[in-house]
Amino acid sequence: MNSRRNFVKKTTLAGAGLSILPNISLGSESVGSDQKLKLAFIGVGLRGTNHLHNALNRKDITIEAICDIDPERIKVALKMIDEAGFAKPKVFGSSEYDYRNLLDAANIDAVIIATPWLWHTRMAVDAMKAGKYTGLEVSAANTLEECWDLVNTHEATGSHLMILENVNYRRDVLAVLNMVKQNVFGETVHFRCGYQHDLRGVLFNDGKTAYGKGAEFGEQGISESKWRTPHNLLRNADVYPTHGVGPIAAMCDINRGNRFVSMTSHATKSRGLHNYIVDTAGGDHPNAKLNFKIGDVITTTIETAKGETIIVTHDCSLPRPYSLGFRVQGVKGLWEVDGNRIYVEGKSKPHRWDTADDWMKQYDHPLWQKYGELANGAGHGGMDFFVLNAFVESAKQNIAPPMDAYDAAAWSAITPLSELSIENNGEPQDFPDFTRGNWIKNKPYNWMKDTY
């Protein structure tokens with residue numbers, strides 16, 4: 001931790017004089033070669049190498065170590081690092097727990113964890129205990145106990161954790177957040193969001209290509225089908241809530257003057273995954289005999305301390321176009337992402353929707369105005385640039401990130417709480433107060449700045 005403190009004393013803010021030209025690397029003008037963030041990656045699969053790609057476009061970091069138990073992914077990552085002109089990092093991955101040897105390295109300031117869900121909390125806890133600034137992919141936790149583990153470890157060690165929720169930086173989401181902050185919709189009352197994404201071609205494949213046609217998963221599958229699909233087999237819950245609820249939590253100032261109070265969840269019957277297997281591989285395929293526990297559509301309603309309601313939908317087993325289903329509604333108007341439409345009383349024609357495009361331009365977020373060209377090639381429509389930038393800039397200063405351990409716990413708690421509610425016929429579930437009452441006095445994060 002002494003080296004951590006010395007690093008923070010030497011580090012200055014990056015990006016102040018950054019050009020938005022795409023060929024300029026972030027941090028190039030304000031961070032010297034002896035003041036770079038020493039970064040490591042635990043998990044360099046498809047998501048991990050996406051973060052790695054964006055990190056390699058910066059000049060204020062070094063890649064000190066990478067870890068993965070798949071030697072093919074190590075090869076991919078090393079090739080990327082070499083082609084970007086970075087020094088070869090140390091490699092870990094001889095066993096599932098070799099990441100702990102990576103965390104023992106004194107020369108690492110921060111780590112990014114992009115591994116299967118069951119490893120997220122244990123790796124993040126170990127990273128914080130090792131004094132590393134920790135970036136954790138979504139969802140952050142699977143159980144309420146794990147949610148508390150993240151919070152308790154942060155408080156015990158003083159090490160920061162950032163949940164790497166990229167949708168909080170989506171261009172339309174940040175524009176609408178700007179509208180909320182500027183009171184365009186008036187006092188907020190109701191929200192809708194979710195993860196509505198046909199994942200059948202992700203949850204099953206042929207065991208050879210990540211998103212290929214096929215009906216295999218688990219040990220016979222590859223990539224996400226190897227570890228993600230068993231959650232759908234064994235749990236009837238909203239297993240992936242943060243893409244939707246993260247942006248809404250920012251608009252509601254959750255954990256910072258507001259909090260989730262209670263929730264109820266209901267699930268439909270499960271048909272979609274079974275039908276997909278039968279349609280793809282036939283009724284005699286062994287996986288056609290399995291009973292997938294997860295309901296095709298799971299609907300959760302959350303109440304906040306300030307009296308708002310939030311409907312969160314998980315819909316990933318049926319054929320449908322992609323949508324996060326956002327709706328932001330206040331006493332003066334509302335925005336709905338589906339239909340790309342806005343209505344604001346006194347400004348829109350009575351009872352007529354406005355196309356959202358002009359509103360989005362008018363309220364375009366300062367971050368996107370400043371870095372939009374640089375972000376566009378970063379992945380997921382540019383969101384990935386901003387979430388990594390926020391992580392690096394926060395880690396360089398060793399300060400609380402925009403989305404912290406308390407957010408990781410509150411957003412991820414929807415999974416186990418929805419499971420309990422569904423199991424008990426929609427019985428209301430109380431949300432733990434992960435801030436231990438501090439939400440009352442915590443000030444909202446300044447989401448409107450143009451730095452990160």
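## Surroundings of Tyr452

In this predicted model, Tyr452 touches a set of residues that, once its neighbours within four places in sequence are left aside, consists of Leu367, Asn389, Ala390, Glu393, Ser394, Gln397, Ile399 and Tyr445.

Tyr452 itself is placed in the segment that comes after strand β15, residues 429-430. Its relative accessibility is 11%, and because buried means under 20%, Tyr452 counts as buried.

## Asp364 in its loop

Asp364 is found in the loop that runs between helix α13 (357-362) and helix α14 (366-375). Is this residue buried or exposed? At a relative accessibility of 12%, Asp364 counts as buried, because the limit for that class is under 20%.

When the neighbours within four places in sequence are again left aside, the residues in contact with Asp364 are Arg171, Ala175, Asn178 and Gln369.

## Packing of helices α2 and α15

Helix α2, which covers residues 46-55, packs against helix α15, which covers residues 383-397, at an angle of about 75°, and the two axes are 10 Å apart. Angles of 65 to 115 degrees count as roughly perpendicular, so α2 is roughly perpendicular to α15.

On the α2 side, the contact is made by Arg47, Asn50, His51, Asn54 and Ala55, while α15 contributes Asp384, Phe385, Val387 and Leu388. By residue class, the contact of α2 with α15 is made up of four nonpolar, three polar and two charged residues.

## The six-stranded sheet

Six strands form an open sheet in the order β3-β2-β1-β4-β5-β6, and their pairing is parallel. The edges of this sheet are β3 (90-92) and β6 (161-163), each of which pairs on one side only. On average, and with direction ignored, neighbouring strands of the sheet are turned by 20° against each other.

Within this arrangement, strand β1 (residues 37-42) pairs with strand β2 (residues 61-67) in the parallel sense, over six bridges. Which residue of β2 is the bridge partner of Lys38? That partner is Thr62.

Definitions and conventions: Residues are numbered from 1 along each chain as its sequence is written. This is a predicted model: local features need pLDDT of at least 70, side-chain atom pairs count only at pLDDT 80 or more; totals for chains, interfaces and linings use all residues. Side-chain values use heavy atoms; hydrogens and water are left out. Axes are lines fitted to C-alpha atoms, for helices over the stretch in contact, and angles run from 0 to 180 degrees between N-to-C directions. Helices (H or I, at least four residues) and strands (E, at least two) are DSSP runs, numbered from the N terminus. Angles under 35 degrees count as roughly parallel, over 145 as roughly antiparallel, 65 to 115 as roughly perpendicular and the rest as oblique. Contact means heavy atoms within 4.5 Å. Ala, Val, Leu, Ile, Met, Phe, Trp, Tyr, Cys and Pro count as nonpolar, Asp, Glu, Lys and Arg as charged, and the others, Gly among them, as polar. Two strands pair if DSSP finds at least two bridges between them. Buried means under 20% relative accessible area, exposed over 50%, partly exposed in between (1.4 Å probe, protein chains only).
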